[in-house]
Amino acid sequence: MLAVDIGGTKLAAALVEPDGRVTAQDRASTPNTPGMDGEELWRALEALLAKVAAGDPPLAGVGVGCGGPMTWPAAEVSPLNIPAWRGFPLRERLRARYPGLPVRIHNDAVCVAIGEHWLGAGRGHDNVLGMVVSTGVGGGLMLGGRLVNGASGNAGHIGHVIVEPGGPPCGCGGRGCLEAVARGPGLVAWAREQGWRPGGADATGVELTEDARRGDPVAGAAMRRAGRALGIAIASATHLCDLEVAAIGGGLSQAGRLLFDPLEEAFGEHARMEFARRLRIVPAELGQTAGLVGAAAMVYAQDRYWSAG
């Protein structure tokens, strides 16, 4: 089957087997420049899909993870980090391109959570929070062994839990959201304000992490800021949902102990109920393929991960 992952910085597509094995994949940078036309992005996605599915292999369906928010299950998408798409009819376009095949689209972070629950760090557990910490911060919830969609399909948006009242502005229009504090570009901006001087004008979270590893005090403080914000949000989530595992993936999670040490410290301070303290917080296991594997699971394991038409 054809699996797709659409984010603010990259597009990825793959062929995925029923056991979750990724047999072919490719990726491209998301054309995400100011003022860009949404059709240009669609054409870039079409080109990637044609490349991955060259030769017209038999497909069981199309599964897609895309940045949100979106209408669900119609998947008219308006990703906060992709301004060119506002109400873009992604499911309709893909159905027209692949007539007769099931086309299933969910939030990209939800697909990561599905992948980790199906075959990754949450496998064998019924109550799991999967998270992505990267250009944005998102998540998905498995409760009772099944994906929780919520009233509009947008359950799991942990990136918009408030961790710093009155804090930095968020793309959602609020202030002090976890995403505003802990996402890579937000951390870079905060570190610059505190005096961090990276090598170039287009510094990324990767460069910030590398400087933190080298002992730069401001870069290290930025990682602690992100980790503590994540710990607070996860403590709130497990008090609400009584979780067993929180699996954290995305580019910033590659910082390892620089992120996880302050995360676990803050979690310990705020998770005071005994049942909440049993939560295991672990790195995601599937790496860069988690979203693709999760997108495929919406077709292959639809009894657990897809409840719409």
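Biologist: What covers the buried residues of α5?

Modeller: The cover includes α4 (178-182), α6 (205-213) and α7, with contact meaning heavy atoms within 4.5 Å. Helices here are DSSP runs of H or I with at least four residues, strands are runs of E with at least two, and both are numbered from the N terminus. This is a predicted model, in which local features need pLDDT of at least 70 and side-chain atom pairs count only at pLDDT 80 or more, while totals for chains, interfaces and linings use all residues. Residues are numbered from 1 along each chain as its sequence is written, and side-chain values use heavy atoms, leaving out hydrogens and water.

Biologist: Which residues of helix α5 are buried?

Modeller: Buried means under 20% relative accessible area, exposed over 50%, and partly exposed in between (1.4 Å probe, protein chains only). In α5 (residues 184-193), the buried residues are Gly 184, Gly 186, Leu 187, Val 188 and Ala 191. An α-helix has 3.6 residues a turn, so residues three or four places apart point the same way. After α5 comes Gly 195, with a positive phi near 105°.

Biologist: At what angle do α7 and α8 pack?

Modeller: Axes are lines fitted to C-alpha atoms, for helices over the stretch in contact, and angles run from 0 to 180 degrees between N-to-C directions. Helix α7 (residues 217-241) and helix α8 (residues 257-270) pack at about 40°, their axes 7 Å apart. The two are therefore oblique to each other (under 35 degrees is roughly parallel, over 145 roughly antiparallel, 65 to 115 roughly perpendicular, and the rest oblique). Residues making the contact include Met 223, Leu 230 and Ile 234 of α7 and Leu 259, Leu 263 and Phe 267 of α8.

Biologist: How do α1 and α2 cross?

Modeller: The axes of α1 (residues 38-52) and α2 (residues 90-97) come within 12 Å and cross at roughly 40°. That makes α1 oblique to α2. Among the contact residues are Trp 42 and Leu 45 of α1, and Leu 90 and Arg 93 of α2.

Biologist: In what order do the strands of the open sheet lie?

Modeller: Strands of a sheet pair through backbone hydrogen bonds, either parallel or antiparallel. Here the order of the five strands is β3-β2-β1-β4-β7, with mixed pairing; two strands pair if DSSP finds at least two bridges between them. Because β3 (22-29) and β7 (103-107) each have a single partner strand, they stand at the edges. The twist averages 15° from one strand to the next. Strands β1 (residues 2-6) and β2 (residues 10-16) run antiparallel, joined by five bridges, and Leu 2 has Leu 15 as its bridge partner in β2.
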